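Please view the sequence and the structure below before reading on.

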Amino acid sequence: MTDRPKLVLASASPRRLALLEQVGLRPEALIPATIDEEPVRFERPNALAERLAVEKAKTARHIAESDENLKDAFFLAADTVVAVGRRILPKTDTIEDATECLELLSGRSHRVFTSVSMITPTGKQRTRTVEARVRFKHLSRPEVESYLASHEWRGKAGGYAIQGIAGAFVVRIVGSYTAVVGLPLYETVSLLAGEGLPIHLGWLNPLDGI
Ligand SMILES: Cc1cn([C@H]2C[C@H](O)[C@@H](COP(=O)(O)OP(=O)(O)OP(=O)(O)O)O2)c(=O)[nH]c1=O
């Protein structure tokens, strides 16, 4: 049997893992990278997403350095940033933050930037940043309140998750849906395949279980 190339997902996000698995990519290991995610002064949202994705991949690779089993692995990380104009919305941990985000997003368009960064077994790093534009319906006070009660906003960039209840707020999306959820699948697969990770969609029988 030939050795399957290994993939490490530098993430604690179950959504990112589920997206990879959706196309039959099963990481050998999950190595979440805890880094400071604060934007620096005047940082643009796309630049922030890119900087953090790059840093997460590097941090995970560093953590795995002494692991012989992961010596020849590809490392993959991503970061998602939601912005209204140049204003970067937080990853919401409190009801107050989430309320502010939802009120800001109500009835208007915003942008979601997701950057995906990969480090090859030889140490080459490649990164792609994807932009999606999302328009929300006007949210009434009761709608905001019931969404807050769902807790789906917790830990999500911009205070919502398109893959859940907030999918019903989306009037229009231009760009990659999987990028909004947290991992742009087209770009991720292109990056990995472009650097020699043999991806035969079907290699791991992605249709199993559907
Ligand atoms: C906008 C949006 C964000 N999100 C999530 C994706 C990310 O998990 C999160 C943005 O935070 P990130 O900092 O990108 O990721 P994370 O800290 O959750 O995970 P990691 O360990 O990979 O760093 O928001 C959704 O799940 N759905 C959405 O619609």
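## The shell around the ligand

The ligand is surrounded by 20 residues, the closest being Ser11, Arg15, Arg16, Lys56 and Lys91, where a residue counts as near if one of its heavy atoms lies within 4 Å of the molecule. The model is a predicted one, in which local features need pLDDT of at least 70 and side-chain atom pairs count only at pLDDT 80 or more, while totals for chains, interfaces and linings use all residues. Residues are numbered from 1 along each chain as its sequence is written, and side-chain values use heavy atoms, with hydrogens and water left out.

The shell divides into eight nonpolar, five polar and seven charged residues; here Ala, Val, Leu, Ile, Met, Phe, Trp, Tyr, Cys and Pro count as nonpolar, Asp, Glu, Lys and Arg as charged, and the others, Gly among them, as polar.

## Polar contacts and burial

An oxygen atom of the ligand lies 2.6 Å from an N or O atom in the side chain of Ser11. Backbone atoms also take part: a polar backbone atom of Ala12 is 2.7 Å from a ligand oxygen, and a polar backbone atom of Ile162 is 2.7 Å from a ligand oxygen. A polar contact is a pair of N or O atoms within 3.5 Å.

Taken alone, the ligand exposes 600 Å², of which the protein buries 94%, with accessible areas coming from the Shrake-Rupley method with a 1.4 Å probe.

## The largest pocket

A pocket is an open set of points on a 1 Å grid over the protein atoms alone where a 1.4 Å probe fits, with protein on both sides within 12 Å along at least five of seven lines, and lining residues have an atom within 4 Å of a point.

The volume of this largest pocket is about 500 Å³, and its lining has 28 residues, of which Ser13, Arg15, Arg16, Lys91 and Gly155 lie nearest the centre. Two or more lining residues come from each of α1 (14–22), β3 (74–84) and α5 (177–181), and β3 gives the most, with four residues. The lining comprises 14 nonpolar, seven polar and seven charged residues.

## The second largest pocket

The second largest pocket has a volume of about 230 Å³ and is lined by 14 residues, with Glu37, Leu48, Leu89, Pro90 and Lys91 nearest its centre. Its lining divides into nine nonpolar, one polar and four charged residues, and the largest share, four residues, comes from β3.

Definitions and conventions: Points joined across faces, edges and corners; volume = space filled by probe spheres on them. Polar contact = N/O pair within 3.5 Å; in protein donor to acceptor, adjacent residues only side chain to side chain.
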